[in-house]
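Visitor: I'm new to reading protein structures. Can you walk me through one, in short answers?

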Amino acid sequence: MAVILVFSSPGETLLRGRPVPVTVGNTQRVATLIGQRLNLKPQAITPQVPYPRTYAALLARARQEQADQALPALEPLAPALLADPVWFLGYPVWFGDLPRPVVSLLDRAHPKVVLPFATHEGSGFGQSLTTLHQRVPTAQIYPGLPIRGSRVDRAACAVDHWLQQYSTSSLIKKEID
C-alpha cells in the first residue's frame with residue numbers, strides 16, 4: 001500500500017509575483033491529482049497552530065521557523081499512516097527547502113520509500129531533497145516531481161508521466177499494490 005502525505009497552505013499564494021487568494025493550496029491540488037490516479041485520499045500534515053492566510057504573514061512566520069530550526073507541533077496522524085512503508089510526500093518549497101512542519105513529521109516517522117512532489121515558483125526542489133535525505137537516511141528516495149505553483153492547473157500530464165514510471169517499477173510496485 002502507499003499513503004499520500006501533504007503539507008499545503010490555503011490563503012494567499014504567489015502568482016506571477018503577486019499574492020492571490022486561494023481556497024486550496026497548490027500542493028494540495030497536486031496531491032488531489034495523485035490521489036485520483038492512485039485511488040488514495042491525501043492526508044494533510046497539519047500544524048497545531050495554523051499558518052496565517054496572508055502571504056506576507058505566512059512568509060514572516062516561515063522565515064522565523066527556518067531561522068530558529070523550529071519543529072512546529074502537528075495534529076496527530078493515524079499511526080497506520082505513519083507506518084506505511086511508501087510515502088508520496090508533498091510540500092511547497094519554502095526558502096529553498098522543506099517547510100518546517102514536514103521536517104517535524106520526518107523527525108518522528110521513518111518511511112522506507114519516499115516519492116517527493118513539491119510546488120515552487122522557480123526553485124525546483126531547491127535544497128529540499130538534500131534535507132529529505134538527511135532526515136530519513138535509510139529511506140529509498142525516488143526521483144520527485146517539482147511543479148511550478150503557477151502552473152498547477154496544467155499539471156495533470158506531468159503527474160501522469162511521473163506516476164507511470166512507478167507503475168512499472170518492481171522496486172516499489174509491490175509496496176504500492
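Guide: Start with a rule for charges: Lys and Arg count as positive, Asp and Glu as negative, while His and the chain ends are not counted. By that rule, the protein chain has 17 positive and 12 negative side chains. The centres of the two sets lie 5 Å apart. Keep in mind that this is a predicted model.

Visitor: Okay. How many helices and strands are in the protein chain?

Guide: There are seven helices and eight strands.

Visitor: And why does the radius of gyration agree with a compact globule?

Guide: Because a compact globule of 177 residues would come out near 16 Å, and the protein chain has 15 Å. The C-alpha atoms fill a box of roughly 45 × 35 × 25 Å along the principal axes.

Visitor: What percentage of the residues count as buried?

Guide: 49% of the 177 residues.

Visitor: What share of the contacts comes from residues 24 or more positions apart?

Guide: 77%, taken among contacts with a separation of 6 or more.

Visitor: Let's zoom in. Is β5 largely enclosed or open?

Guide: Enclosed. Seven of its seven residues are buried, so the rest of the structure largely encloses β5. Buried here means under 20% relative accessible area.

Visitor: Which residues of β5 sit on which side?

Guide: V86, F88, G90 and P92 are on one side. W87, L89 and Y91 are on the other. Both faces are covered.

Visitor: Which way does β1 run relative to β5, parallel or antiparallel?

Guide: Parallel, with four bridges joining β1, residues 3–6, to β5. V3 stands opposite W87 there. Strand β6, residues 113–120, also pairs with β5 in the parallel sense, over seven bridges. In that pairing, P92 stands opposite T119.

Visitor: How about β2 and β3, parallel or antiparallel?

Guide: Antiparallel. β2 covers residues 11–15, β3 covers residues 18–22, and five bridges link them. L15 has R18 as its bridge partner.

Visitor: Where is Q69, and what is its phi?

Guide: Q69 lies in the loop between α2 and α3. Its phi is positive, about 55°, although Q69 is not a glycine. With a relative accessible area of 46%, Q69 is partly exposed.

Visitor: And where is F95 found?

Guide: In the loop between β5 and α4. F95 has a positive phi too, near 55°. Its relative accessible area is 39%, so F95 is partly exposed.

Visitor: Back to the loop between α2 and α3. What does A70 contact there, beyond its neighbours within four places in sequence?

Guide: E65 and R100. A70 is partly exposed, at 23% relative accessibility. A70 and L38 are 32 residues apart along the chain, and their C-alpha atoms are separated by 33 Å.

Visitor: Last one. Where is A60 found?

Guide: In helix α2, residues 55–68. A60 has 43% relative accessibility, so A60 counts as partly exposed. From A60 to L106 the gap is 46 residues in sequence and 23 Å in space, C-alpha to C-alpha.

Conventions:
Residues numbered from 1 in each chain as written. Predicted model: local features only at pLDDT ≥ 70, side-chain atom pairs only at ≥ 80, totals over all residues. Heavy atoms only, no water. Helix = DSSP H or I, 4+ residues; strand = E, 2+ residues; numbered from the N terminus. Rg over C-alpha atoms; globule rule 2.2 N^0.38 Å. Buried < 20%, exposed > 50% of the residue type's maximum accessible area, 1.4 Å probe, protein only. Contact = heavy atoms within 4.5 Å. Charge placed at Lys NZ, Arg CZ, Asp CG, Glu CD. Pairing = 2+ DSSP bridges.
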